[in-house]
Amino acid sequence: MSSNQSFFDPRLVGIDGAAFLDPAKLEEALLRLIPRAHISKGHFTYPSRAELRDLVWNHMDQNHRPFIHRTYGEAARLFIDPHASFSLTRYGRWPIAIPVFDGYFRENGFYQVMVLFGLLVVVNIIECNKGDDGTRMDVSWVVASHRWMRFLHPMLSRKFQRLNDVQNREDDPIRDRRVALRAANYRFATDAPDFLNSNAIGNNVEFPAFAGKHSISIKDLPEAVLHRTEVGDRAYILRRSGQQLEVWPGTCPHEGAMLGAGDVVGKLVRCPWHGLEFGPRRFGPGAGKATLCGALLEFSGDALTIGPV
Ligand code: FES
Ligand SMILES: [Fe+2]
């Protein structure tokens, strides 16, 4: 069988039950797809302070994109499994859908494939790497089109440079927060990230054991004012109303975002990373207890005591 009759491409390379085109064969595959194509390439690199596993998770976590990055609009996620994800993304406010494929094709390495207006094929190869002085994101792209479209390539390349820079800067606070939480012995259900667990909405934070007991006097809290308090490596948002106390997590149990008084709207705290909302634990009047952020909260009427579960 000649190669142009074969739908099963032997140049696919396997990883954990999936297979992807060998990146070394990408250009050849694009030239078969678009005869006499114009092909251009670009590269971008961005240093990071995060661990590799958090860089990988941050890239695979697609739910943060519309919340953290202004460049993302609506997307319809049509498919996701541990290795790959396929979505249709709207081009700004225009009624134009761009198909986007994301694939985890080797350890710490991704394909991201887009087709712009049916005319320009863009294949990004995104790699999270570790060097002597920390980690970094390396992004290489290949753009293929009919040669009539070649005048668009330099403009696209500049746009990708800019986008990668802006988005990495916007992601830095997320990555830095993971660094800080890991230093305090936090772990995550996404410590071995894949597309599925990185996009599942659940309580993925594994809080470290809480040490000691700490008491907060209720009468010291001003009436009806939101107050963020840090107790050891835990944080809570408190609001007293007469004999009653409302308590929200100060660390998002999903993936660890810092939550503060400014994130509370009405009765709900809304997380800036993925938009999850949480109601408060309510205490009083009288005694009560609840577990929140992996610690035991005991309310006596006069004080809130935080201790191990
Ligand atoms: S970290 Fe995901 S919603 Fe808060
Ligand atoms: Fe991001």
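User: Why does R187 count as partly exposed?
Analyst: R187 counts as partly exposed because it has 13 C-beta neighbours inside 10 Å. A residue is buried if 20 or more other C-beta atoms lie within 10 Å of its own, exposed if 12 or fewer, and partly exposed in between, with C-beta atoms placed from the backbone. This is a predicted model, in which local features need pLDDT of at least 70 and side-chain atom pairs count only at pLDDT 80 or more, while totals for chains, interfaces and linings use all residues. Residues are numbered from 1 along each chain as its sequence is written, and chains are lettered from A and ligands numbered from 1 in the order in which they are written.

User: Where is R187 found?
Analyst: In strand 10, residues 187–188. Helices (H or I, at least four residues) and strands (E, at least two) are DSSP runs, numbered from the N terminus.

User: New topic. How many residues of helix 2 are buried?
Analyst: Seven of the nine residues in helix 2 (52–60) are buried, so the helix is mostly covered. Among the buried ones are W57 and H59.

User: What do they pack against?
Analyst: The partners of the buried residues in helix 2 include strand 3 (38–48), strand 8 (120–131) and helix 4 (153–183). Contact here requires C-beta atoms, placed from the backbone, within 7 Å.

User: How is the protein divided?
Analyst: Into domain 1 (8–199) and domain 2 (210–307), with bounds from an automatic or database domain assignment. Their C-alpha centres lie 38 Å apart. Eleven residues from domain 1 and nine residues from domain 2 make up the contact.

User: Which element supplies the largest share on the domain 1 side?
Analyst: Helix 4, with four residues. By class, that side of domain 1 has seven nonpolar, two polar and two charged residues. Ala, Val, Leu, Ile, Met, Phe, Trp, Tyr, Cys and Pro count as nonpolar, Asp, Glu, Lys and Arg as charged, and the others, Gly among them, as polar.

User: Last one: in what order do the three strands of the open sheet come?
Analyst: The order is 16-17-18, with antiparallel pairing. Two strands pair if DSSP finds at least two bridges between them. Strand 16 (264–265) and strand 18 (277–278) are at the edges with a single partner strand each, so one side of each has no neighbour in the sheet.

User: Which residue is the bridge partner of R270?
Analyst: E277, in strand 18.

Methods
Two residues are in contact if their C-beta atoms, placed from the backbone, lie within 7 Å.
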